[in-house]
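Here are my quick notes on the model you sent over. Have a look at the picture first, then read on.

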Amino acid sequence: MKAVVLAAAAFAALLVAVMLDLPAAAVDLPAAVAANLSHSGVAHPVTAVLLNFRGYDTLLEIGVLLLALLVVLAVSPHAEEPAGAARVSVEPVLQAIARIAVPLMLLAAVYLLWAGAHRPGGAFQAGAVLAAAAVLLHLAGLLPGWHAPKLLLRAGLAGGFLVFLAAAAALLARGALLAYPPAAAGALILVIESALTVSLGLTLAGLFLFLSRDEA
Amino acid sequence: MNTGLAFDLLLAAALLWSAWRALATPDIFRAVILFIVFGLLMTLAWARLDAPDIALAEAAIGAGLTGALLLDAIGVLRGRRQEKP
């Protein structure tokens, strides 16, 4: 135990030393982002980087999340029982709170999505709030766990990735991957982010709801 | 300025303490709660570092969803233990 603590402390000290020793970045990225912000279609630098300048990374991230959910689906024994009724032992107070909170959470998710264009927010945060709403509903016994996904759910899960991919493919003719035309960039980003929000919410909620066995 | 520094130091100490307690505590339920506390403190740290985007993601995914998943896992583990003693 003592040896582990000592080793961890030494490793932490080494990491701090390396961090302090790092040379300054050769490229001034914040200045580059600020210089090109007006062509990106959004006014918030983080969203501009995520969805425009480095949209490629975000596209692959969504793919990774979708893959993670596919693995969950592959290992969860979803065929053993039909989707039963919600849990029997539910707390009425929790249910009442969930009924009040979930509409507000939906509103917050849409706000975060819309706010992403000009202030902190965006598809990831909005999707996480959507997923949290679904998990809350499930814990309150108002939403049964998911078993085999039907066509509509599958479309929702894959939709964000497909819309993103379709936008990337359609823009490929312009020479570079995900190089939006500046005039249409804002609208394109909004469409992609909306699809991403739904898909991310469903995916993150699916990580929880597909694994849930409705055990009281 | 001084209050900010004191707050940052307190925050850093609380982060280290909650991280250590989450790893060292023998009670698994307490460990998960400490992990959620760590996530919320981390949210504060990101906010203090002027990174509200990461703070939002940390609060929603790191503290919220991961915490719920871990709590659910504890429930499943306990149910299984009671089934097969």
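1. Bookkeeping: residues are numbered from 1 along each chain as its sequence is written, and chains are lettered from A and ligands numbered from 1 in the order in which they are written. This is a predicted model, where local features need pLDDT of at least 70, side-chain atom pairs count only at pLDDT 80 or more, and totals for chains, interfaces and linings use all residues.

2. For the complex, the predictor gives an ipTM of 0.73 and a pTM of 0.79.

3. Fold: chain B has three helices and zero strands (DSSP runs, H or I of at least four residues for helices and E of at least two for strands, numbered from the N terminus). Its radius of gyration, taken over C-alpha atoms, is 16 Å, well over the 12 Å that the globule rule (2.2 Å times the number of residues to the power 0.38) gives for 85 residues, so chain B is more spread out than a compact globule. The C-alpha trace spans about 60 × 25 × 10 Å along its principal axes.

4. Packing: helix H1(B) (residues 2-24) and H2(B) pack with their axes 9 Å apart, at an angle of about 155° (axes are lines fitted to C-alpha atoms over the stretch in contact, and angles run from 0 to 180 degrees between N-to-C directions). H1(B) and H2(B) are therefore roughly antiparallel (angles over 145 degrees).

Terms used:
Parallel < 35°, antiparallel > 145°, perpendicular 65-115°, else oblique.
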